Amino acid sequence: MSALVTQRPSLSGQTPWPPSPPAPPPLSLSETLSLSGGKQESTPLAMLSPAASACLLLLCGAVTTRFGFSDALLDLEPVRAESPLLSPKVMIAILARNAEHSLPYYLGCIERLDFPKDRIAIWAATDHNADNTTAMLQEWVSGVEGLYHSVRFRTMEDERSSYVDELGPKHWPDSRFTQLMKLKQAALRSARAQWADYILFADSDNLLTNPKVLTDLMAENHTLVAPMLESRTLYSNFWCGMTAQGYYKRTEEYIPVRNWKRTGCHAVPMIHSTMLLDLRRSASKALAFYPPHKTYPWVLDDIMVFSFSARQAGVQMFVCNREHYGYLPVPLREKQTLKEEAESFSHTLTEAMLDFPLEPSRYLYVLPGNKDRMAFDEVRICTDPIGHSVVLQFQSVVHLFLCITLFFNGQDPHRTTTEQIYLINLERRVDRRERMLRMLEVLGIEVTRTDAVDGKALTSSQLLALGIEMLPGYKDPYSGRVLTRGEIGCFLSHYNIWTQVVKQQQQRVLVLEDDVRFELNFKSRLNTIMEDAERAQLSWDLIYVGRKRLQVKHPESWVEGVKHLVHPDYSYWTLGYALSFQGARRLLDAQPLSKMLPVDEFLPVMFNKHPREEYMAHFERRNLLAFSVQPLLLYPTHYTGEPGYISDTETSTIWDDESKATDWDRQHAHEKLNRGDAAPTPTWNGSDRDEL
């Protein structure tokens with residue numbers, strides 16, 4: 001059946017609106033040939049057959065009718081470039097339980113992902129919390145719901161703080177695994193229902209410090225891929241081997257990948273904690289967290305169930321370590337507490353802050369944490385009848401009795417002294433200052449910043465005015481050079497603190513340099529050591545908290561009655577140390593400015609453990625009572641030759657010639673031994689469990 005199209009006549013009998021355009025005049029033969037691309041002189045019409053002439057005329061008429069004039073082909077619009085494709089749609093699944101300590105920084109990392117927020121959907125869930133996790137997630141969801149494509153939050157109406165068969169917050173009974181798998185499956189089902197292209201699972205204590213992690217993982221073009229995350233040990237979020245029972249298996253391939261000796265995207269049997277799933281792949285339809293696959297043979301565990309599901313679906317897992325993507329804490333044992341978990345995460349956070357200026361979420365109000373000076377806070381001093389000052393925390397019952405006696409006789413035997421934790425920092429090193437203050441905020445440590453002496457700015461006249469002379473015959477044991485201006489500045493920075501301690505009669509202080517990294521549970525471990533020393537009534541002048549031990553072939557003896565304290569041998573570095581009033585006075589009494597050597601060489605001289613007898617001969621009284629914590633609690637942020645290593649002591653001019661510069665550390669970074677090298681002992685006590 002054909003359709004008949006007619007034009008409705010005007011009701012007034014006049015020309016209808018809009019009026020038809022006037023018919024164009026017929027084209028001449030030359031115009032017709034020109035329009036059709038022909039040449040009049042080479043193809044006369046008379047030479048064409050009647051049939052060809054008729055076809056040509058029909059063609060010309062059709063072109064004229066279609067365009068109306070001969071220049072129509074020249075007036076077509078130019079071809080425009082197509083607009084770029086929209087970014088893929090991603091759902092981020094946030095599952096949190098008892099995560100009050102980690103949520104602010106975890107969510108801050110999510111917010112800073114370099115990916116269009118209108119292409120991201122948020123799916124968050126929480127339950128069984130003993131802390132403020134639910135309220136924090138509700139606050140965050142309300143704050144960001146206008147930023148993302150969609151935001152969904154799921155929680156239990158009648159929330160219980162634990163499972164019935166749960167023995168503690170780190171215990172994982174089957175009921176807890178089942179609930180977690182159901183929540184992950186619900187997130188996966190929601191992503192599929194919203195036609196998301198990808199879903200990102202990221203545990204609520206994983207810190208994705210690299211903003212490009214999403215785009216980098218998508219570029220790998222795999223169904224299942226994880227960014228390799230680092231921790232304080234060999235532990236990470238992937239396995240390189242798996243036993244027949246589905247458990248972790250140690251392999252030779254693991255450590256080279258974990259330590260970035262082999263980089264790329266590696267096929268592995270297990271990824272967990274943080275991973276990206278490409279839902280556009282047909283095989284992804286068969287992946288599931290719950291219920292477990294009908295042939296699943298292993299114990300109930302969400303990562304093992306999902307790994308088995310991927311294997312049954314023919315989906316290979318990959319871990320990518322082309323870049324540094326983030327951090328995760330080492331798992332705790334099932335009998336550990338939420339407090340211990342918070343301390344563990346704080347350490348993970350400080351490690352991440354060494355290279356990334358992390359900030360908490362902008363959409364969460366977090367109360368400032370409590371800060372204190374640890375064992376170096378304000379103390380009360382009791383003066384006994386013969387003039388001895390006794391710190392009340394250290395005193396014996398006899399001293400206490402004497403103070404009480406003085407009080408009832410109308411005398412006030414007490415005075416208050418404010419102790420300090422000093423942070424040495426060059427005014428121009430804003431980067432180090434801000435990094436240290438961020439880390440100390442996380443650890444809850446209050447410090448007093450003191451300006452370091454900038455050795456590079458010292459002039460010969462200033463050195464002369466201060467009475468500074470180099471120790472006769474001193475040469476650096478590695479380079480053979482003399483003292484540098486930077487080393488003089490470093491010495492004076494510590495010297496000024498010793499002077500302040502004596503002037504203010506501070507009984508004990510902690511001195512920190514601004515290029516340190518803190519060991520796990522730094523605060524509680526150092527407090528415990530100081531309390532143990534107090535109970536043992538240990539008389540001490542200086543306690544190393546971080547150093548470079550040099551004579552590792554000779555074991556150092558333990559201090560009797562005090563755990564984790566040793567008698568130190570010859571050592572380098574002044575990363576951090578506790579100093580008593582008596583110790584500061586002994587260091588000043590040695591008058592070191594007139595026979596100066598690097599401060600980390602001077603200290604071993606003062607406790608009579610320097611290997612160069614000719615150096616020690618210049619200091620008559622070498623009676624400093626020195627000890628060291630063991631294991632150490634502080635290490636350098638960087639070692640010689642590593643990216644980010646900058647020495648403010650080595651890279652300067654020599655002490656007596658402003659025109660002679662030295663950059664010895666950098667020039668000799670390829671050699672075996674350097675002053676700034678890592679210590680011969682490992683920075684952590686590794687074990688077979690480190691990567692589990």
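Reader: Which elements cover the buried residues of H3?
Author: Happy to start there, with the reminder that this is a predicted model, where local features need pLDDT of at least 70, side-chain atom pairs count only at pLDDT 80 or more, and totals for chains, interfaces and linings use all residues. Residues are numbered from 1 along each chain as its sequence is written, and side-chain values use heavy atoms, leaving out hydrogens and water. Helices (H or I, at least four residues) and strands (E, at least two) are DSSP runs numbered from the N terminus. The cover, counted by contact (heavy atoms within 4.5 Å), includes strand E1 (90-96), H4, strand E4 (198-202), H9 and helix H11 (430-443).

Reader: How many residues of helix H3 are buried?
Author: Buried means under 20% relative accessible area, exposed over 50%, and partly exposed in between, with a 1.4 Å probe and protein chains only. Helix H3 spans residues 103-111 and is mostly covered. Its buried residues include Tyr-105, Cys-109 and Glu-111.

Reader: Is Met-374 buried or exposed?
Author: Met-374 is found in the loop between helix H9 (338-353) and strand E11 (379-383). Its phi is positive, about 60 degrees, although Met-374 is not a glycine. Most residues other than glycine have a negative phi. At 10% relative accessibility, Met-374 counts as buried.

Reader: What is the phi of His-128?
Author: His-128 sits in the loop between strand E2 (120-126) and helix H4 (133-144). With a relative accessible area of 2%, His-128 is buried. Although it is not a glycine, His-128 has a positive phi of about 55 degrees.

Reader: Which residue does a cis peptide bond join to Pro-291?
Author: Pro-291 lies in the loop between strand E9 (274-278) and helix H8 (302-312). Its cis bond has an omega of about -5 degrees, and the partner is Tyr-290.
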